Amino acid sequence: MSPRHRPARILAAAPLLIIMASCGSEPADPQVASLPSSATTVTTDPGSDSSPDSDSGAEPTDNRSARTRERPVFRVDDTEERRKAIWNAYNACLLDNGATAPPSDGMGIALGDSLVDYASAPAQALQACAHLEPLQPPALEAATNPDFRDQSLAYVRCLQDGGLWVTLLNDDNIDWTYTEGHPVPDDSAQLEQDCLVEAFGGA
C-alpha cells in the first residue's frame, strides 16, 4: 500500500488556485494583506542580489543581514484561507519570474495538482521567490520540537479513536501509512486536522 504523507490540509504542495498576487506587489497586495499580522516567520537568505532597505541611512555592517527576508510559516491550526493566500503569493512570484505551468495531457488538462511546474522552475525564479516559500509547522518535526515523540503518539491515538488507523513511518515527522484491515472514515480529512490541533496545539 502506498504511504500517505503528512496531512494534505497543511502540507499540500500548492493547491489549484487562481493566481492574483504578484511577486513585486506592494505590501497592500490583497493576497499578502490577507495574512494575519501575527504570522510566525523565519528569515532566509534568498540570494546576494537583494538590496538593503531604502529607509536605512547607512550601509549595514553585515551584508548577509541586508539580504535576509522573512518566510511564512504554516501553523497547525491554520485556516484554509491563510494557507491558500501563502501559496498564491509564492506561485505568482514563481510565474512572474519565469516558471511555467505543468505540462498537460495533450487535451489541455494539467498533469498534477499545481499551477506551477516546480520541477522545471528556473533557478532565478526559485532564488527570487525564496522568501515567499512557506515552511511547515516546527511542531511537526522532531528536529524542532522536543516533545515531538509524545505528541506524535497522541496524534496517532486520536486518529485511531476516530476510526482512522495509521502507522507512523519514522520517528522524525508525522509521515504515516494506512494500517491494513481498517476502513477509512468519510470524515478523515477533518479528523486529521482536529487531531493535529489536539495533539500538537496551534503552533
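Figure 1. The structure, a predicted model, holds 6 aromatic pairs, a pair being counted when the ring centres of Phe, Tyr or Trp (its six-membered ring) lie within 6.5 Å, with planes under 30 degrees apart classed as stacked, over 60 as edge-to-face and the rest as tilted. The rings of W87 and Y90 have their centres 6.2 Å apart and their planes at 50°, so this pair is tilted. W87 and Y90 are 3 residues apart in helix α4 (residues 80–96) and are therefore separated by about one helical turn; helices here are DSSP runs of H or I with at least four residues, strands are runs of E with at least two, and both are numbered from the N terminus. Both W87 and Y90 are buried, where buried means under 20% relative accessible area, exposed over 50% and partly exposed in between, computed with a 1.4 Å probe on protein chains only. Residues are numbered from 1 along each chain as its sequence is written, and side-chain values use heavy atoms, with hydrogens and water left out. Because the model is predicted, local features need pLDDT of at least 70 and side-chain atom pairs count only at pLDDT 80 or more, whereas totals for chains, interfaces and linings use all residues.

**Figure 2. The ring cluster of F74, W87, Y90 and Y118, with its surroundings.** Ring pairs link F74, W87, Y90 and Y118 into a cluster. F74 is placed in the loop between β2 (69–72) and α4, and with a relative accessibility of 1% this residue counts as buried. The C-alpha atom of F74 is separated by 8.7 Å from that of I86, the two residues being 12 apart along the chain. N91 also belongs to helix α4 and is buried, with a relative accessible area of 0%. Between the C-alpha atoms of N91 and Y118, which are 27 residues apart along the chain, the separation is 9.4 Å.

**Figure 3. Packing of helix α6 against helix α7.** Helix α6 (residues 148–161) and helix α7 (residues 188–200) pack at an angle of about 145°, with their axes 9 Å apart; the axes are lines fitted to C-alpha atoms over the stretch in contact, and the angles run from 0 to 180 degrees between N-to-C directions. On the side of α6 the contact is made by F148, Q151, S152, A154, Y155, C158 and L159, and on the side of α7 by L191, E192, C195, L196, E198, A199 and F200, contact meaning heavy atoms within 4.5 Å. These residues divide into 10 nonpolar, 2 polar and 2 charged, with Ala, Val, Leu, Ile, Met, Phe, Trp, Tyr, Cys and Pro counted as nonpolar, Asp, Glu, Lys and Arg as charged, and the others, Gly among them, as polar.

**Figure 4. The aromatic pair F148 and F200, and residues of helix α6.** F148 and F200 form a tilted aromatic pair, 6.2 Å centre to centre and with 35° between the planes. F148 lies in helix α6 and F200 in helix α7, so the pair ties together parts that are 52 residues apart in sequence. F148 is buried at a relative accessible area of 3%, and F200 likewise counts as buried at 5%. Q151 of helix α6 counts as buried at 19% relative accessibility and, leaving out residues up to four places away in sequence, touches N145, A199 and F200. R149, also found in helix α6, is exposed, with a relative accessible area of 56%; its C-alpha atom lies 8.5 Å from that of D172, 23 residues apart in sequence.

**Figure 5. The nonpolar cores.** The largest nonpolar core has 17 residues, and those with the most contacts inside it are Y155, L159, I174, L196 and F200; such a core is a set of buried Ala, Val, Leu, Ile, Met, Phe, Trp, Tyr and Cys residues joined through side-chain atoms within 4.5 Å. The elements that give two or more residues to this core are α6 and α7. Apart from this core lies another, of 12 residues, among them I86, V116, A121 and A125. Leaving aside neighbours within four places in sequence, L159 is in contact with L164, V166, W176, L191, E192 and C195.
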